[in-house]
Structure formats: C-alpha cells, structure tokens
Amino acid sequence: MKTIQIGIIGAGRIGKIHADNLLRLPQVNIVAVSDLFAGPELEAWAAARQIGLVTKDSKELIEHPEIDAIFICSSTDTHVPLIQQAAEAGKHIFCEKPISMDITQTEAAIAAVNKAGVKLQIGFNRRFDHNFKRVREVVQEGTIGNPHIIKITSRDPNPPHEDYIKVSGGIFMDMMIHDFDMARFVAGSEVEEVYAQGNVLINPVFAEHGDVDTAIVTLRFENGALGVIDNSRQAVYGYDQRVEVFGSKGSVAVANDHPNTAVVSTADAIVSEKPLHFFLERYQAAYMEETQIFIDCLLNDKAVPVNGHDGMQAERIALAAKLSSRLGRPVKVSEALALLQQNAL
C-alpha cells in the first residue's frame, strides 16, 4: 500500500487537529511539523506521535525530498507564499481558509498551483458535515425543485480575543466566508450580488478595529434564487449552525447538533440540551472526512472536492460584502475588485 508522506506547517489548534486526524489513516505518515514558536512543548507533542522532525523553518518541510504533501495551517498572511513555494517544489497542498485576504494574491497562488500541476484543497470543512451534505444532495436530486430561498444562520458562542480581531480580516472574510462557501455549495449557483449590513452590538472592541460583531447579508444568485445569511459573534446558548433551502417543490432544513436528542417534558417546562458548544465539537467528523478525502485524492489521482476556484469565489463574495457594508449599497461580485482598486475601502 502506498503511503503519503505529510508535512504540517503551523502547529496551533487547527494544525494539531489535522495531525491527529492524519495519524488515524494507515496510508499516511507525518514526516515533519514546523511552527515559528517550536520549542520543547511542541517537540514533546510530536514525539508522542512519532513525528521525527520539528523545526521553526517551513522551508525544511517544503524542500524535504520525502514529503509528498503539505498541510498549511499557519496564519492567513503566510498562505500565499507557502502555497507558491510548495507548488514550485512539486508538493500537493491542503490549505486552511481563506487562501488570503487579497484577491490578487489569491490569484497568484492559484496560478502557481496550476503551473506546477499539483493539487490544492481548501479547508471549507463544513461541506463535509453530515447535515449540510444532505441538504446539497436533496437540492441536486431535484427533490425540492428549483431553489428559491437559501437561509443560513451562523453564530459563535463567544467573541474572539482582541488579538485575533486585529488580524482576522473582519467578520465577512473570517467568519461569514464559511457561509458564502456554503451558500454556493447548497444553491448550486454562483452569487451575483450582495447587500451587507453590520453593527457593533456585543463589544465596542470590534469598532476599534474597523469591524462589526453582528451582520446580515442578502444574496442574489445567478440562477435567480435569493439568500440570507446572519452572523453573530456571541450566541449565549451555544454554537448556532442552521441551513434551509426553500424551493419550488418543497424545502429542506437542518438544525443544530446536540449532545443528545432527549426532550424532557414536565408541567413546569419542556427542556432539551443546548447545541454542541463550538466548532471543534460540531465539526469533528467533518474535519476527519475532509482529511480522508484529500488523502484519497492523492492516492488515486482524483480531483479534490474544494479547490482553489472555490476558495477564490468565497473570497470574492466576502470582499463584495465588505464593500457593501462600507458603501451602504448592494455590490455585484463582478465589480468588487474594481471598487477595491478605486480605494473604495
């Protein structure tokens, strides 16, 4: 059996999740991990998993002759140069979202991948969630007819730390980008126009960094369907992730996952569990499946399910939403880059 040799760049929370998932696959061997802050703690973590090389220098992984593929789990500002370097070295690439916060840089990264002929999968893990996959299947099967309205709710249980807010790229690029990808995924159509509104209702620290913590975006799809996405950085009852597609012949909807489905009914109240607390619990199986599928694509030379084009399209929608929020008007996705270049932000 062929074994895929992996290098992981970035050993924070998401990098370690991917590592532990990869280690569950018999066709995979993790050769090395790099992190700018590598030290005794990371070395002990790697040793416990029989990962032989720990380094602060990502080039050691990219230039390593035994490594077939690189997982890029470092900060967003490093993604493009790392993708370019890995592609030039002939390595296949799994990269966390977004590819970048600059459309032109993202285009350069994708061009490098295409030139090298390597595979690039983007970490939109929600596509692999058991609930959302079923929504897409129902739509594609034609069970609910032509999609008319897509509704997506995505609310975090707690806002991020200020240090993260400073570098996140804002709610549309950081948080709602998952929902933009999901909208394309379930609708089966590209987004044509967006109208975004946002406000600071949770913590003034978001305003201090030019961001909002509460937002609603309406979408117009090329197939004529309409969409609504709502985001909040704080849902006190837990991680709120719901999708509905309403069509000409019916609708399909999925609710939150819960620790259990028991509903206790008494004279005083009807009580059920809160939703699973955060993305690590909610999407644990989805992270595993996206990893398995990426490795299968490498072993069997198949196209990856979420490629650079998908990453680019989600970023284009996010940019249009950001512009719309600032300009106070609908923005066509096709005009977003030109507006940015005119210094509309």
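Predicted model: local features only at pLDDT ≥ 70, side-chain atom pairs only at ≥ 80, totals over all residues.
Leu-298 is found in helix 12, which runs over residues 284-300. What does Leu-298 touch, if residues up to four places away in sequence are not counted? Its partners are Ile-4, Ala-69, His-92 and Lys-119. Ile-4 deserves a remark: 294 residues separate it from Leu-298 along the chain, yet the two C-alpha atoms are 7.8 Å apart.

Asp-301 is not a glycine, but its phi is positive, at about 50°. This residue counts as exposed, with a relative accessibility of 62%.

A second residue of this kind is Gln-50. Its phi is near 60°, again a positive value in a residue other than glycine. Gln-50 is placed in the loop between helix 2 (40-48) and strand 3 (53-55), and a relative accessible area of 73% makes Gln-50 exposed.

While we are on backbone geometry, please look at Pro-98. The peptide bond that joins Lys-97 to Pro-98 is cis, and its omega is near -20°. The loop that holds Pro-98 lies between strand 5 (92-95) and helix 5 (103-116).

I now turn to helix 6, residues 130-141. This helix has 12 residues, which at 1.5 Å a residue should span 16 Å; the C-alpha atoms at its ends are 16 Å apart, so expectation and model agree. Which residues of helix 6 are buried? They are Asn-131, Phe-132, Val-135, Val-138 and Val-139. These residues cover an arc of only 120° around the axis, and therefore lie on the same side of helix 6. On the other side, Gln-140 and Glu-141 are exposed.

The cover over the buried residues of helix 6 includes strand 7 (147-155), helix 9 (177-187), strand 11 (240-247), strand 12 (250-254) and helix 11 (279-282).

Let me take helix 9 from that list. Two packed helices are described by the angle between their axes and the distance between the axes. For helix 6 and helix 9, the axes come within 8 Å and cross at roughly 35°. On the helix 6 side the contact is made by Phe-132, Lys-133, Val-135, Arg-136 and Val-139, and on the helix 9 side by Met-182, Phe-185 and Val-186. Sorted by class, this contact has 6 nonpolar residues, 2 charged residues and no polar ones.

At its start, a side-chain oxygen of Asp-129 reaches to within 3.0 Å of the backbone nitrogen of Asn-131. Just after the helix, Gly-142 adopts a positive phi of about 80°.

Is Ser-232 buried or exposed? Its relative accessible area is 12%, so Ser-232 is buried. A polar atom of the Ser-232 side chain lies 3.1 Å from the backbone nitrogen of Gln-234. Setting aside neighbours within four places in sequence, Ser-232 is in contact with Ser-154, Arg-155, Asp-156, Met-175, Ile-202 and Asp-213.

Definitions and conventions. Residues numbered from 1 in each chain as written. Heavy atoms only, no water. Helix = DSSP H or I, 4+ residues; strand = E, 2+ residues; numbered from the N terminus. Expected span 1.5 Å × (residues − 1). Buried < 20%, exposed > 50% of the residue type's maximum accessible area, 1.4 Å probe, protein only. Arc of directions from axis to C-beta. Contact = heavy atoms within 4.5 Å. Polar contact = N/O pair within 3.5 Å; in protein donor to acceptor, adjacent residues only side chain to side chain. Axes fitted to C-alpha atoms, helices over the stretch in contact; angles between N-to-C directions. Nonpolar A, V, L, I, M, F, W, Y, C, P; charged D, E, K, R; others polar.
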